[in-house]
4 protein chains.
Amino acid sequence: MPRLIRFGVSIEEALAARFDGLLRAEGYGSRSEAIRDLIRKALVEKEWARGGRIAGGIGFVYDHHKRHITDRLTDLQHRFHQLVISTQHVHLDHDNCLEMVTVKGEARRIETLFNAIKSTKGVKHAGIVRTTTGHGMS
Amino acid sequence: MPRLIRFGVSIEEALAARFDGLLRAEGYGSRSEAIRDLIRKALVEKEWARGGRIAGGIGFVYDHHKRHITDRLTDLQHRFHQLVISTQHVHLDHDNCLEMVTVKGEARRIETLFNAIKSTKGVKHAGIVRTTTGHGMS
Amino acid sequence: MPRLIRFGVSIEEALAARFDGLLRAEGYGSRSEAIRDLIRKALVEKEWARGGRIAGGIGFVYDHHKRHITDRLTDLQHRFHQLVISTQHVHLDHDNCLEMVTVKGEARRIETLFNAIKSTKGVKHAGIVRTTTGHGMS
Amino acid sequence: MPRLIRFGVSIEEALAARFDGLLRAEGYGSRSEAIRDLIRKALVEKEWARGGRIAGGIGFVYDHHKRHITDRLTDLQHRFHQLVISTQHVHLDHDNCLEMVTVKGEARRIETLFNAIKSTKGVKHAGIVRTTTGHGMS
């Protein structure tokens, strides 16, 4: 079991009221939970900026009719196979595919893979979820 | 076959040289391809800001030992089943799970689902890939 | 005097330790201060996304040798004079000027002014600071 | 005079039409101008990520009634005087001040100054415009 600590936060009443509005709108059950989330978000941003082992997902959309694109994207994922955990493929419509590649590894290598996917001819758009392996984030 | 058009871009030589450096670093094969990507990126950002039908992925990390968290996350995805295409689950380690949920639908509803996942007690961090259905993006 | 309230936050010891590392690195004097900042940051992001009265700055770089650019930029600021509080002009070098325009008003109108500056021929790059009027943010 | 080069971009008709819509909405006079802006934006993002000499602005809001805050902020700017070009001060209302600090120098030192301002007790919110010195951006 992780050990919990408890500390007090002083905050102006009006600011607390606005924060309560925000956390209700986003569905948080308590201030503590919302604050832990803000803290973890700040830490995750640092992890990605500094490098280190992280996890995440790369999503991209392409037209599978483009010549050799499926092969090129498969080859690419194999070259980075130490980062790639698994891939989820969605047939968006007759032409468009959405692929979500789940990744874990060194932040900079994942950015390199992201750039390689993004710049593959025929990939229309690529985005990235930068999240965490969860270590030290409980 | 989509019809191609061709137009000229005037650009200062020094700027072109720096751009060539950037596109080599990111792995682009031609200026045209890199420019199409910049254009699509700008359009995708607008699509998400304005609303409209989009596609993407929500990635989040949680400790599956937290009480009822798996049920809560499953219920949530069912409530938004019209948006959720499929889910990929990764066992990061003994405690941590990474789940990538592929989504398609109205941008604002997807943001609502994202907030609901993010604010679920026990979810350590959540991120989102905002991409496109590919329509009009060829 | 604004009324202060105080509430407790429960947090796992390891997460608190990492947060303490982050706040030392960024120079915060206490957890309370860092948490108030995270809260205000989340609120400011909402204010800009939803619209409402906000404050901020638009910074842009241009080459003053470009034909009529100074006139065009001055005209533009006059057209939006109800938003523009003041302008600070820096001679970066023989060619380049950096101008910081401080603004206050409705978020969407400020985004319109930002787009108009960004798209002015001769403006090399424009960026924006999205901050707050400070109301309800004490 | 900077030397201009001209190159062709091939693009699907439907994508070009959407891009034309975007550039009209943002006020661009030509595709060339809009594309140069996308290119410079990508280069500026790289400059900030990699480090190097850049320019920009730090904007922040504070309540000048907070004890010693004016002194602390002035001292801070003096400590970083080699980065700070000038400061613009706006009285937003009876309590709130908005200050826009124009900066030029090494990207990482500017981020350090930004963190120091952001974490100063009494500063409600701080934001940053990351732009360019204009070199090689014509």
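Author: Happy to! Chain A is assigned domain 1 (13-49) and domain 2 (51-131), with bounds that come from an automatic or database domain assignment. Taken over C-alpha atoms, the centres of these two domains of chain A are 30 Å apart.

A word on the ground rules. This is a predicted model, where local features need pLDDT of at least 70, side-chain atom pairs count only at pLDDT 80 or more, and totals for chains, interfaces and linings use all residues. Residues are numbered from 1 along each chain as its sequence is written, while chains are lettered from A and ligands numbered from 1 in the order in which they are written.

Now to the meeting of chains A and B: 44 residues of chain A are in contact with 44 residues of chain B (contact means C-beta atoms, placed from the backbone, within 7 Å). The elements giving two or more residues to chain A's side include α2 (31-50), β2 (53-63) and β5 (123-131); helices (H or I, at least four residues) and strands (E, at least two) are DSSP runs, numbered from the N terminus.

Chains C and D can be looked at through their symmetry. A rotation of 180° with 0.0 Å of shift along its axis superposes chain C on chain D, with RMSD 0.0 Å (least squares on C-alpha atoms of residues with pLDDT of at least 70 in both). The two copies are thus related as by a two-fold rotation axis. Of chain C's residues, C:Val129 comes closest to that axis, with its C-alpha at 2.7 Å. Also, 100% of the interface residues of chain C are interface residues in chain D too, so the copies meet through the same surface.

Definitions and conventions:
Two residues are in contact if their C-beta atoms, placed from the backbone, lie within 7 Å.
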